[in-house]
Amino acid sequence: MPELNLTQSEADALIAMAKHRTSDQRWVFPGPGEGLSIPLASDDRRELFMLDLHIGRIDLTKSTYQNRARAVLILVRLDFGGRPHRNPDGEEVASPHLHLYREGYGDKWAIAVPPHQFPHLTDRRRSVHDFMRYCNIVTPPFIDMGLFS
């Protein structure tokens, strides 16, 4: 069973770690109401990660991209097209927002999306690439945009 609580330095190291696709498989970007989980690995393949992409069923602008480590730990999650998020301290963060692992809270805290790092949120193809770059996915998976992408 993976360790569910990381120190902030451990989480920051996992976020900064170079990540690579584990195969040359081609993936199809999810359609409405669908999700996709793509395996990734560190340089030495000792750490395994997942890139998750989920698209809303009714509101197609509602989407979530996330990067997980150790199967269940959400390191980074980008939510857009949804409602504002309320942080544990009561602060409300408008959508789109970015969740970053925080020691003791997991992914329960969100910040405003840094526009200089995510300048293409209305373009699915480019926003996925911006997210992968943010998560340090240096050898990205091959993702073909589907009919609804």
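# Buried charges, helix faces and ring pairs

Student: Asp-79 and Arg-77: buried or exposed?
Tutor: Asp-79 and Arg-77 share one class here, buried. The model is predicted: local features need pLDDT of at least 70, side-chain atom pairs count only at pLDDT 80 or more, and totals for chains, interfaces and linings use all residues. Residues are numbered from 1 along each chain as its sequence is written, and side-chain values use heavy atoms, with hydrogens and water left out. Under 20% relative accessible area is buried, over 50% exposed, in between partly exposed (1.4 Å probe, protein chains only), and the class of both residues is buried.

Student: What is the relative accessibility of Asp-79?
Tutor: Asp-79 lies in strand E6. Helices (H or I, at least four residues) and strands (E, at least two) are DSSP runs, numbered from the N terminus. Asp-79 counts as buried because its relative accessibility is 13%.

Student: Which residues are linked with Asp-79 in a network of salt bridges?
Tutor: A salt bridge needs a side-chain nitrogen of Lys or Arg within 4 Å of a carboxyl oxygen of Asp or Glu. The side chains of Asp-79 and Arg-77 meet that rule at 3.1 Å, N to O. The network that holds Asp-79 also takes in Arg-77 and Asp-107.

Student: Which side chains make polar contacts with that of Asp-79?
Tutor: A polar contact is a pair of N or O atoms within 3.5 Å; within protein, one must be able to donate a hydrogen and the other to accept it, and residues adjacent in sequence count only if both atoms are side-chain atoms. One partner of Asp-79 sits at 2.9 Å. Another sits at 3.1 Å. They are Thr-64 and His-99.

Student: How many salt bridges are there by this rule?
Tutor: One joins Arg-21 and Asp-24 at 3.1 Å, N to O. Arg-21 is partly exposed at 23% relative accessible area, whereas Asp-24 is exposed at 57%. Another joins Glu-92 and Arg-86 at 2.9 Å, N to O. The count comes to eight.

Student: Why do the buried residues of H1 lie on the same side?
Tutor: In H1 (residues 8-16), Ala-11, Leu-14 and Ile-15 are buried. An α-helix has 3.6 residues a turn, so residues three or four places apart point the same way.

Student: Which exposed residues does the opposite face of H1 carry?
Tutor: The buried residues of H1 pack against strand E1 (19-21), E4, E5 and E6; contact means heavy atoms within 4.5 Å. The face turned away from that buried side carries the exposed Ser-9 and Ala-16.

Student: Which residue caps the N-terminal end of H2?
Tutor: H2 spans residues 124-134, and its buried residues include Arg-124, Val-128 and Phe-131. Among the elements covering them are strand E4 (48-55) and strand E5 (63-69). At the N-terminal end, a side-chain oxygen lies 3.1 Å from the backbone nitrogen of Arg-125, and it belongs to Asp-123.

Student: Which side chain makes a polar contact with that of Asp-130?
Tutor: Asp-130 is in helix H2 and counts as buried at 5% relative accessibility. Beyond four places in sequence, Asp-130 touches Gln-117, Phe-118, Pro-119 and His-120. The polar contact is 2.9 Å, and the partner is His-120.

Student: How far apart are the ring centres of Phe-118 and Tyr-134?
Tutor: Rings of Phe, Tyr and Trp (its six-membered ring) pair if their centres lie within 6.5 Å; planes under 30 degrees apart count as stacked, over 60 as edge-to-face and the rest as tilted. The structure holds five aromatic pairs. Here the planes are at 45°, so the pair is tilted, with centres apart by 5.2 Å.

Student: Where in the chain is Phe-118, and where is Tyr-134?
Tutor: Phe-118 is buried at 3% relative accessible area, and Tyr-134 is partly exposed at 21%. The two are 16 residues apart. Phe-118 is in the loop between strand E10 (110-112) and H2, and Tyr-134 is in helix H2.

Student: Over which ring does the charged end of Lys-19 sit?
Tutor: A charge sits over a ring if NZ of Lys or CZ of Arg is within 6 Å of the ring centre and within 35 degrees of the ring normal. Arg-102 lies over the face of Trp-109, at 3.9 Å from the ring centre. Lys-19 is 5.0 Å from the centre of its ring, that of Phe-49.
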